[in-house]
Amino acid sequence: MSGYLVRRLALSATAMLGVITIVFVLLHVSGDPASLLVTQDATRQDMERIRQAYGLDRPLSVQYARFIARVARGDLGYSYRQGLPVTELIADHLGATFELALASLAVAILLGVALGMAAATRRGSGVDTAAMTVALLGTSMPSFWLGLLLIIVFGVKLGWLPISGYGGWDHLVMPAFVLGGFYAAQVSRLTRTSLLEVLAQDYIRTGRAKGLRDRVVLFKHALRNAALPVLTVLGLSFGQMLGGALIVESIFAWPGMGRLAVQAVLGRDFPVVQGATIVGAAVFLAVNLTVDLVYGWVDPRLRSAAQRA
Amino acid sequence: MAGSTLVFEAPRSARSAGRASPILRLLRTPSGAVGAALLGILLVAGFGASFATPYDPAAQDLRNTVHPPSLVPVRGSVHLLGTDQLGRDILSRLLVGLRISLLVALTVVPLSTALGLAVGMVTGYRGGWLDVALMRLVDAQLSIPTLLLAVAVVAVLGTGLPQIVAVLVIAGWPGYARVVRAEVLALREREFAAAARAVGASDIRILAQHVLPNVLPTVLVLGTLHLPVVIIFEAALSFLGLGIQPPTPSLGQMIGQAQDLVWQAWWMPTIPGVTITLVVLAFNLLGDRMRDVLDPRLRGLGPV
């Protein structure tokens, strides 16, 4: 297990180094990195100051090494719009993003697994067709459109829910449903396929033959074995929810990292864009690492396979 | 699972699958037929009707703004789908926006495919330091949530049609490269590749004549599944104001501009919203069937 852990950690670390490299290249690909780091009305002197402060007048290799060292120390530069260190700004917004991602994950699990189970246990019936049609619509409906639709229906017409902002649980309902709904659609399709595969196995027939109740067969024998692929997708989805909720956070004015990133791009606040990209990737990698380790713990076969490899 | 691994190893070649042509098998199922019909209508609307719009999509009429859809003429002009806050005809904007969305997707997907295919084939076949370097790049890129990466690239390249195509290609190619590389790694060890090497075929010839035909079905499926993803990403960027810029209309931009008007004009975001959903639905229906017909092994794999 420890060998597996070390290898997996090393892979994540290399990927993170790659992410930092991509961000560094992005900064330089525009030709003049200093122009990305100042406001549009900056003077020539401002540009010179930035060049010196960030060492942009040094050779590229030196800049690259310094950039990595800076990020490793947790220094992501200053936001010139807000006059705050980017690290501080992101730390302020990370909590709201986590809250939304957790609620969305709950929606994805509850709705996705329930739909998938309903479809798989009644294969070929009207329930199956209805559940899979809902899932297909769910994957085809872009989140910005579903979000506005919910706002029109539940916010404007019915007036049941607040249409934007951060506050009590009622503020969380629509964003969590929109963000989680998309993943619920994918989870339901996967749960259905995976469960159908397991239900066709011999041990399920044995269980039924020896007179176990349907509910016991389904929950104790089938669902547990069908859960593994679903678990992987849920892990990946959680990582994406944490790093990629840009749209949902923007529509509902949710004060998270995604909205911060979008507003930074609109306001040409490049240090914040940079920081959000690095932190977003770090969170995504950390979630994936955790899922892989949990996976190895849940399914010992994978652990031994990894050791043999 | 145990039984299905045998199926995975069954040899696959374009010719042996020739019971019925894949296109026929694709259209014979209800979902494939519905998807194809829907896509056909949308293509005609986007690439035909959009050149004969009832009004100039950019023409403003400030006496006639935010008008609901109706068949009755208002001040002498009929606006079937209503007008927006500048009095522009929504139907005309919708048709041109549809063309832009389809055009972006049909440009981005072939470009991403070509790039990913080239990288995947070379790295999978050659191995060595180039393989290590490029695959680490792919790993790193796939660790950044796609929309976040796209937004970061927009921050550098700026907005506009060519920039958006570039952004989406940059975000799209690694998915192809990873899958193609894995296929090529397995294919280069197969007997037909060894036989070709033994008779002295060059690497380029082996890649072009023996490896490429075997990865093409997989790439075709990935491409079909990538189309709806590109449509959504372009619309998402334009919705945020980071994609296609006015005066060029796009579906996402129309929804974004209608955002503040949901109180009085529900139809303004609804019309482009339903249209995008239909486009994505058509591609999803076709993509799902295409995957089942051409490459059942990819079943359950999400979009690139």
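Helices (H or I, at least four residues) and strands (E, at least two) are taken here as DSSP runs, numbered from the N terminus. On that basis chain A holds 14 helices and two strands, and its C-alpha atoms fill a box of roughly 85 × 60 × 30 Å along the principal axes. This is a predicted model, in which local features need pLDDT of at least 70 and side-chain atom pairs count only at pLDDT 80 or more, while totals for chains, interfaces and linings use all residues. Residues are numbered from 1 along each chain as its sequence is written, and chains are lettered from A and ligands numbered from 1 in the order in which they are written.

A residue counts as buried if 20 or more other C-beta atoms, placed from the backbone, lie within 10 Å of its own, and 41% of the 309 residues in chain A are buried.

A nonpolar core is a set of buried Ala, Val, Leu, Ile, Met, Phe, Trp, Tyr and Cys residues joined through C-beta atoms within 7 Å. The largest such core has 171 residues, and A261(A), A150(B) and V151(B) have the most contacts inside it. Helix α9 of chain B, residues 203-239, gives the most to this core, with 18 residues.

Two residues are in contact if their C-beta atoms, placed from the backbone, lie within 7 Å. Where chains A and B meet, the contact takes 44 residues from chain A and 40 residues from chain B. On the side of chain B that touches chain A, α6(B) gives the most, with 10 residues.

Technical notes. Buried ≥ 20, exposed ≤ 12 C-beta atoms within 10 Å, placed from the backbone.
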